[in-house]
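Hello,

Here is the structure I said I would hand over. Please open it first, then read my notes below.

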Amino acid sequence: MDEQGGKNSWNRPVAIFLAVIAAVIIIMVAISVVQNKPLHQKYKYGIVLDAGSSHTSVFIYEWPAEKENNTGMVRQKHTCNVKGKGISSYSANPQGAGASLYECMEEAKQKIPAHRHPETPVYLGATAGMRLLRMEDEKASDKVLASVAQSLKSYPFSYRGARIISGQEEGAFGWITVNYLSENLRKPTGTLGALDLGGASTQITFVPQQNIESKDNSIDFRLYGNDYHLYTHSFLCYGKDQALKISMSKILESANEASKTDPIELRDPCFHPGYNDSKTVSSFFNSPCVKEAKPANENFVHVGLGNWSQCQQSIRKIFNTGNCLYTRCSFNGVFQPSVYGDFGAFSAFFFVMDFLNLTSGTLTTTKKKLEAYCSTPWDQIVKNHPQVYKKYLSEYCFSATYILTLLEDGYNFTSDNWKDIRFIKKIGDSDAGWTLGYMLNLTNMIPAEAPDTPLMPYEGYVTFIILFLLLILFLLVLVYFYFHRSTRTAQKDII
Ligand SMILES: O=P(O)(O)OP(=O)(O)OP(=O)(O)OC[C@H]1O[C@@H](n2cnc3c(O)ncnc32)[C@H](O)[C@@H]1O
Ligand SMILES: [Ca+2]
């Protein structure tokens, strides 16, 4: 009985002690793993409205609440296209601009959890359409901005402003977006240049290899502890809608001189053979980009010729490649260093080249395919694409020829570096464009200095905890055997 009692008096407290320690460790491990579990992550949100010349889009971004300063953490949660045209088209009816945002903003209320609404920042940035309206009629542009501001303030979010952003900002924030999404910003080498083609302006932004000779084209950033010296330029009136107006006005000017008939025939090599449409001068040539070029006659007939090389000749006329006061220029006397590195080409660069299956291939094959496309009769084109919006469909030949001419004759890309241009819409889940970079900047989400690296990433943390647990179990087993053996030795001694 004594022997038994002696064995129990050693074993029971040891077993209870070991069980309690094991239970405490398991509970602590479970709590700490669950606390760090990314599945239960809390998110924060931000809203940016891209008020472009052709339309407005609402972007909702989200990011884990605890990790605001890490590269690549912010992603696009949702996007909504506002119905109708861009806000600059409401110059005669400014109230309509604010009202047009209603559906997308209601959608934003649904997409973002209600308890986050008051802290969710909302920004509106207007681009080239509003720059043009401000040039034409500053009061009208102020009224449109006041209308969208009033509308945005009526939602439960944190309103942070509605303004016309500059061309430099548009270029620079587009560059930040593509490099943030590609996770290039923590590494000191290898960034992606940004090419953005809108309806009313186009931007080129990249890290050049040579000195930037004009101050207007130079932007410096310090992001995550790395310094960036960027070249950027925005060409107002060189978005694809305004470029089409300029190109057509030049053809119309010469047609006007040649014949005095009414309506005049605008014989356009950039439209398909068989294309024939009556248009009015006042509704088509209605922007400051073509102001001086307005012909006297009100009506004209737009007739397609489908001749790609003539089309390219006529587009070349809108680029002035003389008068360069620097060591090198793109066009219109604008300084530009040689293009360098890989480029992401988004917005209309992508829509157009993707529609025509021209996002890969050499410059020569691209031109050949486009030549064949442009000469295809209009009725055939309509038959092949019955679902596509006719206005876009009629303009793809012009738009793609414009893109090739802008890239080759304007920005000086060559057959050799054509492959460095990637036509992209999204990187991961998020659209390429200036909006994400704009929000990251305004919410200070990209610090100038590298944030302290977390002691351990989540995966490392879990591995560490499991190894720690195994080690503790191993020690417990050792302790158990140690006590077990000493108990038996003690029993033997007693015997
Ligand atoms: O930057 P700005 O110049 O202010 O203009 P935007 O922001 O409104 O310009 P987008 O990039 O949205 O669009 C550029 C142009 O491409 C047109 N577009 C949009 N989707 C298209 C598609 O699927 N196919 C062809 N063109 C398209 C659109 O109407 C514009 O003329
Ligand atoms: Ca745009």
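The buried residues of helix H11 pack against helix H9 (308-316) and helix H13 (390-410). Packing here rests on contact: C-beta atoms, placed from the backbone, within 7 Å of each other. Helices (H or I, at least four residues) and strands (E, at least two) are DSSP runs, numbered from the N terminus.

A word on the source. This is a predicted model: local features need pLDDT of at least 70, side-chain atom pairs count only at pLDDT 80 or more, and totals for chains, interfaces and linings use all residues. Residues are numbered from 1 along each chain as its sequence is written, while chains are lettered from A and ligands numbered from 1 in the order in which they are written.

Back to H11. Which of its residues are buried? They are Thr366, Lys367, Leu370 and Cys374. Down the axis of H11, these buried residues fall within an arc of 95 degrees, so they line one face of the helix. The arc is taken from the directions that run from the helix axis to the C-beta atoms. Thr364, Thr365 and Ala372 are exposed on the other side of H11. Buried means 20 or more other C-beta atoms within 10 Å of a residue's own; exposed means 12 or fewer; partly exposed is in between, with C-beta atoms placed from the backbone. The length of H11 also checks out: its twelve residues (363-374) should span 16 Å at 1.5 Å a residue, and the end C-alpha atoms are 16 Å apart, which agrees. The expected span is 1.5 Å times one less than the number of residues.

Next, the strands. S2 (residues 56-64) is mostly covered, with seven of its nine residues buried. Its partner S1 (residues 43-51) runs antiparallel to S2 over nine bridges. Two strands pair if DSSP finds at least two bridges between them. S1 and S2 form a hairpin, with four residues between them. Val48 stands opposite Phe59 in S2. S2 also pairs with S3 (residues 75-81), antiparallel, over six bridges. There, Tyr61 has Gln76 in S3 as its bridge partner.

S12 (residues 299-304) has two faces. Phe300, His302 and Gly304 make the covered one. Asn299, Val301 and Val303 make the uncovered one. S10 (residues 264-268) pairs with S12 in the parallel sense over five bridges, and Ile264 has Phe300 in S12 as its bridge partner. S11 (residues 276-280) runs antiparallel to S12, joined by five bridges. Ser278 is bridged to Val301 in S12.

Now the annotated site. The unreviewed UniProt entry marks Gly199, Ala200, Ser201, Thr202 and Gln203 as "binding site". UniProt positions follow the numbering used here, feature names are shortened, and annotations may be inferred rather than shown by experiment. Ser201 lies in strand S7 (residues 201-206). Ser201 counts as buried, because it has 26 C-beta neighbours inside 10 Å. Thr202 is also found in S7. Thr202 is buried too, with 31 other C-beta atoms within 10 Å. Leaving aside neighbours within four places in sequence, the contacts of Thr202 include Phe235 and Leu406.

Last, ligand 1. How many residues surround it? There are 21, and the closest are Gly52, Ser54, Gly198, Gly199 and Ser347. Helices H4 (128-136), H7 (240-258) and H10 (348-355) each give two or more residues to this shell. H10 gives the largest share, four residues. A residue is near a molecule if its C-beta atom, placed from the backbone, lies within 6 Å of it.

Best wishes

Conventions: Contact = placed C-beta atoms within 7 Å.
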